[in-house]
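This note is meant for a colleague who is opening the structure for the first time. Please keep the sequence and the 3D view at hand while reading the numbered points.

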Amino acid sequence: MTGTGICTGRVAAVTGAGRGLGRAHALALAAEGAQVVVNDLGVAPDGAGSSAGPAQQVADEIRARGGRAVAHTGDITTTDGAASLVATALDAFGRLDTLVNNAGFLRDRMLVNLDEDDWDAVIRVHLKGHFLPLRHAAAHWRAEAKAGRRPDARIINTSSGAGLLGSVGQGNYSAAKAGIIGLTLVAAAELARYGVQINALAPAARTRMTEQTFAGTMAAPAEGEFDAMAPENVSPLVVWLSSADSAGVTGRVFEAEAGRITVMEGWRPGPTADRKSRWTPAEAGEAARELLAAAGTPQPVYGAR
């Protein structure tokens with residue numbers, strides 16, 4: 001493996017690491033010296049089926065390049081699967097320093113056609129699939145801190161522009177990705193005392209989930225041109241956030257695409273009116289109109305440009 005060694009000595013677990021962004025993150029972490037637990041259930045783009053192949057292939061690829069990796073094919077949307085992810089890191093490498101929550105799939109529908117099963121499945125894999133690994137990793141790190149072995153731990157959660165702005169045809173996915181941001185902020189506040197930093201990333205890259213939904217944007221470039229949508233463009237920020245070098249950075253949301261990194265700034269109070277007594281509906285409406293006129297124009301929803 002080649003790199004600067006920014007993650008030498010650290011152990012990272014990456015969910016959904018058999019393909020796309022997760023695979024790129026796992027390879028990049030290993031190239032920088034991390035020992036990697038490669039988690040992937042091996043499902044189809046809509047979450048159907050399972051296969052041990054993708055996780056094992058990435059682990060084999062890391063080892064072929066001189067790194068250290070093990071495959072984990074447990075379902076991280078279950079308590080047992082999430083617990084075994086942490087246990088696998090401890091059994092294989094003796095520690096866990098970084099958790100990259102990345103697993104996900106799509107079941108896109110317009111809201112009037114979105115059935116309960118498609119809602120539940122996407123919320124489960126994205127939101128519950130972030131919570132359970134985070135919860136089990138955090139329990140391990142808390143125990144370490146209480147035993148006098150304060151960790152220098154990191155969690156990187158994966159949100160999306162759809163979670164920040166909404167995305168037409170992706171009500172389930174957008175809600176889950178917005179929820180991940182809320183989870184990140186709470187976890188960052190709660191776990192700081194145990195030496196754990198948590199940040200979220202909203203990446204844009206070519207994956208199985210995006211290459212059809214946004215086919216025009218995600219198309220591969222002509223030979224010799226910069227591949228702006230390659231998932232490998234996102235991984236350097238993930239590696240840095242996973243490393244000890246990112247000390248002091250927590251509770252933040254980043255957007256990463258091509259050669260661009262943006263610190264996202266979330267909900268903040270804007271124009272305000274306070275009459276110090278109850279409004280009538282007409283008065284409230286008049287005040288709201290005045291406040292909206294003074295406020296900035298919201299960014300367009302994805303898919304509605």
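1. The second largest pocket has a lining of 21 residues, and Leu 164, Glu 265, Gly 266, Trp 267 and Arg 268 are those nearest its centre. A pocket is defined on a 1 Å grid over the protein atoms alone, as an open set of points where a 1.4 Å probe fits, with protein on both sides within 12 Å along at least five of seven lines; lining residues have an atom within 4 Å of a point. The space in this second largest pocket comes to about 820 Å³, where grid points are joined across faces, edges and corners and the volume is the space filled by probe spheres set on the points.

2. The lining of the second largest pocket divides into 10 nonpolar, 8 polar and 3 charged residues. Here Ala, Val, Leu, Ile, Met, Phe, Trp, Tyr, Cys and Pro count as nonpolar, Asp, Glu, Lys and Arg as charged, and the others, Gly among them, as polar. Helix 5 (161-165) and helix 6 (171-191) each contribute at least two residues to that lining.

3. On the basis of the note: this is a predicted model, in which local features need pLDDT of at least 70 and side-chain atom pairs count only at pLDDT 80 or more, while totals for chains, interfaces and linings use all residues. Residues are numbered from 1 along each chain as its sequence is written, and side-chain values use heavy atoms, with hydrogens and water left out.

4. The chain contains 9 helices and 8 strands; these are DSSP runs numbered from the N terminus, with helices (H or I) of at least four residues and strands (E) of at least two. Of its 305 residues, 44% count as buried, a term that means under 20% relative accessible area, with exposed over 50% and partly exposed in between (1.4 Å probe, protein chains only). Among contacts (heavy atoms within 4.5 Å) between residues at least 6 apart in sequence, 70% join residues at least 24 apart.

5. In soluble globular proteins, nonpolar side chains tend to be buried together. In this model the largest nonpolar core holds 29 residues, and Ala 26, Leu 29, Val 36, Val 38, Ile 62 and Leu 201 have the most contacts inside it. Such a core is a set of buried Ala, Val, Leu, Ile, Met, Phe, Trp, Tyr and Cys residues joined through side-chain atoms within 4.5 Å.

6. Helix 1 gives the most, with 5 residues. Apart from this core lies another, of 24 residues, including Ala 13, Ala 89, Ile 155 and Ile 198.

7. Thr 15 sits in the loop between strand 1 (11-14) and helix 1 (20-31). Is Thr 15 buried or exposed? Thr 15 counts as buried because its relative accessibility is 1%. Its side chain reaches the backbone nitrogen of Asn 102 at 2.7 Å. Beyond neighbours within four places in sequence, the contacts of Thr 15 include Asn 39, Ile 76, Leu 85 and Leu 99.

8. Asp 97 belongs to the loop between helix 3 (79-93) and strand 4 (98-101). With 5% relative accessibility, Asp 97 counts as buried. Not counting residues up to four places away in sequence, Asp 97 touches Gly 9, Arg 10, Val 11, Trp 141, Asp 152, Ala 153 and Arg 154.

9. Ala 188 is part of helix 6 and is buried, at 8% relative accessibility. Leaving aside neighbours within four places in sequence, Ala 188 is in contact with Ile 198, Thr 250 and Gly 251. Ala 145, in helix 4 (residues 116-146), counts as partly exposed at 21% relative accessibility. Its C-alpha lies 8.7 Å from that of Arg 193, 48 residues apart in sequence.

10. Two backbone angles deserve a look. Ala 258, in the loop between strand 7 and strand 8 (260-264), has a positive phi of about 55 degrees although it is not a glycine. Lys 276, in the loop between strand 8 and helix 9 (281-294), has a positive phi of about 65 degrees and is likewise not a glycine. Lys 276 counts as exposed, at 71% relative accessibility.

Technical notes. A polar contact is a pair of N or O atoms within 3.5 Å; within protein, one must be able to donate a hydrogen and the other to accept it, and residues adjacent in sequence count only if both atoms are side-chain atoms.
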